[in-house]
Amino acid sequence: MSSGVHAALNPGGVIGNGRYRLLAKSGADARSNAELWRARDGQLNRDVALTVLLGDLADNDAAARARRTVERAMHAASFTHPGVSRVIDVLTPGTGIRGDEGILGIVIAEWTQGTDLMDLIAEGPLPAGAATRLLEPLGAAIEGAHHAGLVLGADHPQRIRVTSDGRLRLAFPGPRPDAIARDDVKGLGAILYLLLTGRWALPGGPQGVPVAPTGPDGSVVAPNALHPYLPHDLSSVAVRSLEDTSVGGIRTSAAILQVLDQIAAEEAQTSLIPAVSASRDDDDQVVWTTQRPRQDKQQKKKLWISVGVLALATLTVIVWLSVQIVGFFSDEPSKGGGPTVVINQPGSNGQTAPPPAPAGPVQPGQIGVYDVTNQPDNANQASRAVDTNAGTFWRTDNYFQPFPTLKPGIGLMASFAEPVKLASVTITSPSKGTKVEIRVASALDSPIEETKVIGVADLSDGQTQIQLNDHEPTGHVLIWITQLTNSGGGKNQSEIREVLYTRAQ
């Protein structure tokens, strides 16, 4: 790259045969060796967004990749959508670019008023409702482009801006030469992850942005594992959009949009609030903030009451955590390599269950949440289902989409001190209509397809006794929920208050 490139690519520099004066750098996409600039079109006297592809013209491979990016951007110029900045023109060496500039291509798009996405999350993650409303227009744009056979290249956060009316928009078009539609979907999931956590979950992200944490198997940790208040469905969509597996991974933007629509409706009370701010001449006139309006006296009174309640709740959580930490070191770890089974020891005060009787009720030695997606629901509450106290319970997360949209099911895996042959399982639950299967397994982490169904039932409001088919004695029994109770309004959730296992004669 010539020294002249460094002189030109600075605020005040002029490129494109003297037509475009650079105003401010918005970012860089190292994967494409591209810089993203706000510039002034000297001929038409308007601001534009420039995606400047850098490289040596003598490098045939780099030149070919830049040419392909420019061609794809120009091809997408026919696609119009509020979620995508319109491509105005493209330049290549010999057609608006001097051969000695060290620039292999420029994509010129209309300028998007608003603020950079990275500025929006600089002060922390956004609430779920705000994130969904921001993301929906971009998701709709991707879905429309894919139907038209186009790839947008919406897989880098610095290419995205927030419009003055609160929409995410692809402000710097120009897909990588090898980008496919799947990359747009992964980009949508990564942007959702960024909004919810402030972390970037794909390779090649901006410098200074924290990388999303990963688990022992290399998969990205779910957002609700970092922030438990986030809706399970939204968290799951963000993670599954990033997965390349054919089983479990979300591969279309339509699936993401469906969940976003429902979350946005559920979170209707949470919104971004427009505020006028014009502290500098070269800034946009409207920005977005997550702050709420100034509270009146009544609101402040309610706030102080809420703070008192929160303080009491915090103290309760601290006490609970202390108990959990003590119990943690006595828990038996689950095996790896299969579905997640987070184990809780039933009983209290560290006492073990009494030896099983020849016939009648039998208490499991341990119980845990069984989840094939490695996102167990309320894992620390599993032991409440066998604590002989109907006032406590284990409850699933709330799902806006019924099974198997986001996962095939969820369950409780009980393990016994010795193999048992059961006659029945009695479930106490208020969740009428929940469909369950009783399955036997050879191990805690047996794949679901290797377990055997020995009983099925639809739960009633109260006690439901499930008579079991004849089976060999087993050490592991799974209550597998295949359909949650639907309460309307996108709420699918079930609760188990108590489980009684009865040994056969």
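Start at the largest cavity: 14 residues line it, and Ala76, Val84, Val87, Leu152 and Pro173 lie nearest its centre. A cavity here is a set of points on a 1 Å grid over the protein atoms alone, where a 1.4 Å probe fits but cannot get out; lining residues have an atom within 4 Å of a point. The lining divides into 11 nonpolar residues, 2 polar and 1 charged. Nonpolar covers Ala, Val, Leu, Ile, Met, Phe, Trp, Tyr, Cys and Pro; charged covers Asp, Glu, Lys and Arg; the others, Gly among them, count as polar. The space in this cavity is about 80 Å³. That volume is the space filled by probe spheres set on the points, with grid points joined across faces, edges and corners. The structure holds 1 cavity of 30 Å³ or more.

Some ground rules before the next stop. This is a predicted model, where local features need pLDDT of at least 70 and side-chain atom pairs count only at pLDDT 80 or more, while totals for chains, interfaces and linings use all residues. Residues are numbered from 1 along each chain as its sequence is written, and side-chain values use heavy atoms, with hydrogens and water left out.

Next, select 114-116, 160-163 and 168-170. Strands E8, E9 and E10 form an open sheet in the order E8-E9-E10, with antiparallel pairing. E8 (114-116) and E10 (168-170) are the edge strands, each pairing on one side only. Strands are DSSP runs (E, at least two residues), as are helices (H or I, at least four), numbered from the N terminus. Two strands pair if DSSP finds at least two bridges between them. E8 and E9 (residues 160-163) are joined by 3 bridges. Zoom in on Thr115: Val162 in E9 stands opposite.

Contact means heavy atoms within 4.5 Å.

Move on to the open sheet of 4 strands, ordered E14-E26-E18-E21 and paired antiparallel. E14 (360-361) and E21 (462-467) stand at the edges with a single partner strand each, so one side of each has no neighbour in the sheet. E18 (residues 422-429) pairs with E21 over 6 bridges. Pick Thr428 to find its bridge partner in E21, Gln463.

Two backbone details follow. Select Phe403 and Pro404: a cis peptide bond joins them, with omega about 5 degrees. Pro404 lies in the loop between E16 (394-395) and E17 (410-420).

Last, colour by pLDDT, the predictor's confidence in each residue, from 0 to 100. The mean is 82, and 79% of residues reach 70 or more. Residues 327-337 stay under 50.

Key. 1 Å grid on protein atoms, 1.4 Å probe; cavity = no way out; pocket = protein on both sides within 12 Å on 5 of 7 lines; lining within 4 Å.
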